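Subject: Structure for you to look at

Hello,

Here is the structure I said I would pass on.

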Amino acid sequence: MRTTQLALGALAVATLGTSLAPAAHAQTTTTTHERGNVIECTGTIKGKPVYASLYENNVYANVIQVVIGDGDDQVGNSREVAGGFIEDKQVYGALRVGGKRAVVEGHAARYGKRIAVHDEFDDAGQHVVVDGFHRKLSKDLTLTWRHRTVPLACGTAFFYDLTTTKTDIE
């Protein structure tokens, strides 16, 4: 009888211990469908180098960034905007840089064939898989700042349509 009671007691403790044990961490996977445009440009204004970036994303932020000069002369700013920067092929983005209004504007349109994209990498404890396509943007942009307007050379300019899947790494 005593053996039976000990066995039942041990079974009860084992069962209770199992129910109190922490549950195994479940992997979380999130998938987003992201569309937008990326335009990165350089130029020179008043003898100073310029970097301008317009980034649109339908899921995350739309951000404009302009940096003028280098070293101790450098001024710059960035800001998020609710809407995008391209509407009916017309580009417009503005912000204050060094206390003066800086405006990036012009024309951008998709052209050429779709370029397939597939990328996999680990980032911040997640395995990330990106699938979709890019398409080049033709562009003709200028920067106006401190009463001067200069052309911008935009080597990186593309539209993207991507599905991004992020899975927690255990």
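A disulfide is a pair of cysteine sulfur atoms within 2.5 Å. Please keep in mind that this is a predicted model.

The disulfide

The structure holds one disulfide. Its partners are Cys 41 and Cys 154, with an S to S distance of 1.9 Å. The torsion about their S-S bond is about 95°, so the disulfide is right-handed. Cys 41 belongs to strand β1 and Cys 154 to strand β10, so the bond links distant parts of the chain, 113 residues apart. Both ends are buried: Cys 41 has a relative accessibility of 2%, and Cys 154 has a relative accessible area of 6%.

The salt bridge

Side chains of opposite charge can pair when their charged atoms come close. The count here is one salt bridge. In that bridge, the side chains of Asp 161 and Arg 35 meet at 3.2 Å, N to O. This pair also links distant parts of the chain: Asp 161 sits in strand β10 (residues 148-168) and Arg 35 in strand β1 (residues 29-45), 126 residues apart. Is Asp 161 buried or exposed? At 13% relative accessibility, Asp 161 counts as buried, because the cut-off is under 20%. Arg 35 has a relative accessible area of 36%, so Arg 35 is partly exposed.

Strand pairing

Strand β6 (residues 90-97) and strand β7 (residues 100-110) run antiparallel and are joined by eight bridges. One example is Leu 95, whose bridge partner in β7 is Ala 102. The two strands form a hairpin with two residues between them, and Gly 98 in the turn has a positive phi of about 60°. On to the next pairing: β7 also pairs with strand β9 (residues 126-145), again in the antiparallel sense, over nine bridges. There, Ala 109 has Ser 138 in β9 as its bridge partner.

The nonpolar cores

In soluble globular proteins, nonpolar side chains tend to be buried together. The largest nonpolar core in this model has 27 residues. Which of them touch the most other members? They are Ile 39, Val 66, Ile 68, Val 104, Leu 141, Leu 143 and Leu 152. At least two residues of this core come from each of β1, β2 (48-55), β3 (62-68), β6, β7, β9 and β10.

Another core, of six residues, lies apart from the largest one. Among its members are Val 128, Val 130, Tyr 160 and Leu 162.

A buried asparagine

Asn 57 is found in the loop between β2 and β3. With a relative accessible area of 3%, Asn 57 is buried. What does its side chain reach? The side chain of Asn 57 comes to 2.8 Å from the backbone nitrogen of Tyr 60, and a polar contact of 3.0 Å joins it to the side chain of Tyr 55. Not counting residues up to four places away in sequence, Asn 57 touches Glu 34, Arg 35, Asn 62 and Tyr 160. Arg 35 is also the salt-bridge partner of Asp 161, and Tyr 160 is also a member of the six-residue core.

Regards

Key. Residues are numbered from 1 along each chain as its sequence is written. This is a predicted model: local features need pLDDT of at least 70, side-chain atom pairs count only at pLDDT 80 or more; totals for chains, interfaces and linings use all residues. Side-chain values use heavy atoms; hydrogens and water are left out. A salt bridge is a side-chain nitrogen of Lys or Arg within 4 Å of a carboxyl oxygen of Asp or Glu. Helices (H or I, at least four residues) and strands (E, at least two) are DSSP runs, numbered from the N terminus. Buried means under 20% relative accessible area, exposed over 50%, partly exposed in between (1.4 Å probe, protein chains only). Two strands pair if DSSP finds at least two bridges between them. A nonpolar core is a set of buried Ala, Val, Leu, Ile, Met, Phe, Trp, Tyr and Cys residues joined through side-chain atoms within 4.5 Å. A polar contact is a pair of N or O atoms within 3.5 Å; within protein, one must be able to donate a hydrogen and the other to accept it, and residues adjacent in sequence count only if both atoms are side-chain atoms. Contact means heavy atoms within 4.5 Å.
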